[in-house]
Amino acid sequence: MIAHQCTGPREWQQVSWYLLRQLSTQLAIGIHQAELFRQVQLLNINLENQVHERTIELRRSLEFEALLKRITDGVRDSLDENQILQTAVRELATGLDVECCNTDVYDLEQATCTIRCEHTITLPSSEGRVMLMSNLPDVFHQLLQGQYLQFCLTIPNPARPECKQTAILACPIFDDQGTLGDLWLFRQRDAHFIDQEIRLVQQVANQCAIAIRQARLYNAAQTQVTELERLHQLKDDF
């Protein structure tokens with residue numbers, strides 16, 4: 001603080017110095033308190049933001065748990081492979097709010113994959129399309145190793161003249177016996193997949209692998225039963 005006397009000479013008394021010193025001290029205390037108050041406000045704002053983010057995260061976790069349970073119950077209640085895969089892609093597409101979700105079934109001998117089931121909202125349908133794995137060697141090499149991947153791809157849209165940049169999450173459907181297929185999820189380029197969503201898709205893929213193996217074992221057993229009945233009938237006829 002500075003006190004000015006400009007209109008004429010003045011001899012400053014001790015009491016003036018004392019008063020100025022006291023005012024300066026009080027001003028310093030006030031400034032310090034204001035700074036502390038500002039810091040407390042910032043801490044409160046940060047705490048409220050953290051609580052809000054944590055609340056959203058917990059709510060999302062509960063929603064994902066409910067979605068996983070719904071998908072798990074759906075795929076376990078069926079011994080039809082197509083119904084298992086259709087349940088998974090439909091629930092994932094609606095539950096994660098993606099533009100498209102489809103599933104491939106692998107033919108490892110022919111090194112091909114066939115889009116068996118699909119649930120699409122904005123992207124053109126590709127259900128039934130057969131593709132060589134060699135068309136995307138890096139992608140399918142990672143999927144065959146049981147690893148997911150997230151990347152961006154340019155997808156042409158016949159309904160529009162321009163191509164569309166799309167964020168893709170690809171997750172393998174595999175177990176200890178090998179890779180059966182995969183799940184693909186598509187979103188706009190600027191909307192990536194968070195860790196919670198990736199873990200959810202991996203868990204769904206694991207449930208699909210279990211259900212598909214059970215369905216194939218059941219169908220193989222039914223085929224054997226039918227064949228045994230035919231042989232017994234032939235024996236009786238003979």
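**View 1. Strands β2 and β3 run antiparallel and are joined by 3 bridges.** Look for Thr 112, whose bridge partner in β3 is Leu 132. Strands here are DSSP runs of E with at least two residues, helices are runs of H or I with at least four, and both are numbered from the N terminus. Two strands pair if DSSP finds at least two bridges between them. This is a predicted model, in which local features need pLDDT of at least 70, side-chain atom pairs count only at pLDDT 80 or more, and totals for chains, interfaces and linings use all residues. Residues are numbered from 1 along each chain as its sequence is written, and side-chain values use heavy atoms, with hydrogens and water left out.

**View 2. Strand β1 meets strand β2 through 8 bridges.** These two strands, residues 100-107 and residues 112-120, are antiparallel.

**View 3. Ala 111 sits in the loop between β1 and β2.** The hairpin of these strands has 4 residues between them. Ala 111 is not a glycine, yet its phi is positive, at about 55 degrees. With a relative accessibility of 33%, Ala 111 counts as partly exposed, a class that lies between buried (under 20% relative accessible area) and exposed (over 50%), using a 1.4 Å probe and protein chains only.

**View 4. Asp 97 lies in the loop that leads from α2 (81-95) to β1.** Here is another residue other than glycine with a positive phi, near 55 degrees. Asp 97 is exposed, and its relative accessible area is 62%.

**View 5. Stepping back, the protein has 4 helices and 6 strands.** Along the sequence, they follow the pattern α-α-β-β-β-α-β-β-β-α. The radius of gyration is 33 Å, well over the 18 Å that the globule rule gives for 238 residues, so the protein is more spread out than a compact globule. That radius is taken over C-alpha atoms, and the rule is 2.2 Å times the number of residues to the power 0.38. Along the principal axes, the C-alpha atoms fill a box of roughly 140 × 40 × 30 Å. Of the 238 residues, 30% count as buried.
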